[in-house]
Amino acid sequence: MPTQGSGRRHRLVTGLVAAATLVGLPPAGAADGAAEIRYLYKPPVAVKPAAQVPLLVQKAREFPRERIEARIRALAASVAPGFDLARARMATVADGETIEYSYGPHRVKVYPRSGMMKYANRAAYNAIPPDFEKQRAVREERALLIARELVERLAAHGLIDQTEILWHAPHVYYRKLGEDVGGPVGGGRPPTSAPPRDMDTRVFLSRLKDGVPVSGHGVRIVINPDEKIASVNLMWRDVEKSSKTYRTDGDMARARQRFERALAVSKGARVDVLVDEFVYLDPSPRDPVAFLEPGFLFVYVVRTPLAGKPGVFAVSKKLHWFLGATEHGLLQVPSLRKARLKRLDVELPGDRHPEATREGEHEREGDDRN
């Protein structure tokens with residue numbers, strides 16, 4: 001721990017949340033008794049599913065190199081005009097899961113099987129400016145204007161359809177930066193922490209298809225205090241409606257009942273449901289998929305009381321549960337990434353150890369539907 005006179009150490013408090021949806025699996029836990037379940041979500045759009053709905057079918061199962069590079073040029077023209085693809089250094093994962101192009105501070109990571117792209121200015125993304133105490137994050141109203149301008153450029157270059165952006169319910173949050181401030185040289189008092197500051201501004205804009213949210217799709221933008229765009233993540237599959245429609249059960253009340261029956265947690269636990277929404281679910285942001293399926297997505301956190309520690313809970317990571325709303329009998333494309341990890345006997349990334357926190361502590365995180 002640094003001390004006064006030896007400098008300060010900065011610590012990140014929060015960041016982006018990775019997408020990790022478990023489809024069709026019941027929540028895990030030990031069935032010792034009932035739990036308090038709190039539904040905290042207010043849907044940004046009122047979705048009333050029709051009696052018959054189509055699936056969304058992905059047009060292309062994989063992107064050839066020519067199309068990948070055309071999309072990179074379009075993304076660079078939208079956010080990083082200085083990026084020179086012809087002079088960029090290219091690196092490819094052995095099995096072709098990702099291709100990375102680097103030029104100067106600019107990096108574009110592409111997932112050719114799904115079409116997802118991630119741009120970052122490595123000199124600006126998650127950077128800590130030397131005068132960060134004087135920096136102030138771009139506030140929401142201005143950040144949304146910057147985001148809108150970027151979306152218009154992305155649409156002009158054919159990367160998205162801006163009419164499908166859910167503009168009236170954006171998710172805006174901040175990367176927080178704190179200071180660990182040490183005691184005097186030679187000791188004297190315990191180290192303290194200054195209150196965290198809002199630093200860069202992060203905007204997530206969801207995608208709608210026929211008025212239904214598409215989980216896992218949209219635009220993520222990181223904006224630095226100088227109003228420069230430091231990062232853009234774009235997941236926007238080229239999809240079309242299936243030629244056939246399927247009978248659907250669009251009753252959220254029944255979906256909640258099934259979720260609660262499947263839920264198994266310890267006695268005295270509290271379950272906070274962060275999202276319960278009718279969506280089109282994209283099962284894998286990295287793999288090709290045959291279709292996006294309509295159904296009910298639940299995102300939730302389990303808080304389990306610790307014995308002998310009143311007010312202290314073991315808090316799970318965000319858990320996901322999905323209930324399909326149609327009976328279509330179709331098979332999804334197997335995940336090549338999961339198959340590769342299984343061969344390597346490597347588990348998917350995830351926090352396997354719940355964190356003990358006091359009641360009321362929380363962080364602002366990324367979009368919960370991802």
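Over the ring of which residue does the charged end of Arg256 sit? The close-ups below start there.

This is a predicted model, in which local features need pLDDT of at least 70, side-chain atom pairs count only at pLDDT 80 or more, and totals for chains, interfaces and linings use all residues. Residues are numbered from 1 along each chain as its sequence is written, and side-chain values use heavy atoms, with hydrogens and water left out.

View 1. The ring is that of Tyr39, and the charged end of Arg256 sits 3.8 Å from its centre. A charge counts as over a ring if NZ of Lys or CZ of Arg is within 6 Å of the ring centre and within 35 degrees of the ring normal. Helices (H or I, at least four residues) and strands (E, at least two) are DSSP runs, numbered from the N terminus. With 5% relative accessibility, Asp276 counts as buried, while Arg256, at 28%, counts as partly exposed. Buried means under 20% relative accessible area, exposed over 50%, and partly exposed in between (1.4 Å probe, protein chains only).

**View 2. An aromatic cluster takes in Phe259.** Ring pairs join Phe259, Phe298, Tyr300 and Trp321 into a cluster; the whole structure holds 6 aromatic pairs. Phe259 and Phe298 have ring centres 4.5 Å apart and planes at 5 degrees, so they are stacked. This pair links Phe259 in helix H3 (residues 252-262) with Phe298 in strand S14 (residues 291-305), 39 residues apart. Both Phe259 and Phe298 are buried. With Trp321, Phe259 forms a tilted pair, because the centres are 5.6 Å apart and the planes lie at 55 degrees. Rings of Phe, Tyr and Trp (its six-membered ring) pair if their centres lie within 6.5 Å; planes under 30 degrees apart count as stacked, over 60 as edge-to-face and the rest as tilted.

**View 3. Lys209 and Glu164 form a salt bridge.** Their side chains meet at 2.9 Å, N to O. Lys209 lies in strand S9 (residues 192-209) and Glu164 in the loop between helix H2 (140-156) and strand S8 (171-181), so the bridge ties together parts 45 residues apart in sequence. Lys209 counts as buried at 13% relative accessibility, and Glu164 counts as buried at 12%.

**View 4. Salt bridges link Arg38, Arg270, Asp272 and Arg303 in a network.** Within this group, the side chains of Asp272 and Arg303 meet at 3.0 Å, N to O. Asp272 is buried at 2% relative accessibility, and Arg303 is buried with a relative accessible area of 16%.

**View 5. His328 sits in the loop between S16 and helix H4 (336-343).** The side chain of His328 makes a polar contact with the side chain of Glu293 (3.0 Å). A polar contact is a pair of N or O atoms within 3.5 Å; within protein, one must be able to donate a hydrogen and the other to accept it, and residues adjacent in sequence count only if both atoms are side-chain atoms. A polar atom of the His328 side chain also lies 2.9 Å from the backbone nitrogen of Leu330. At 17% relative accessibility, His328 counts as buried.

Technical notes. A salt bridge is a side-chain nitrogen of Lys or Arg within 4 Å of a carboxyl oxygen of Asp or Glu.
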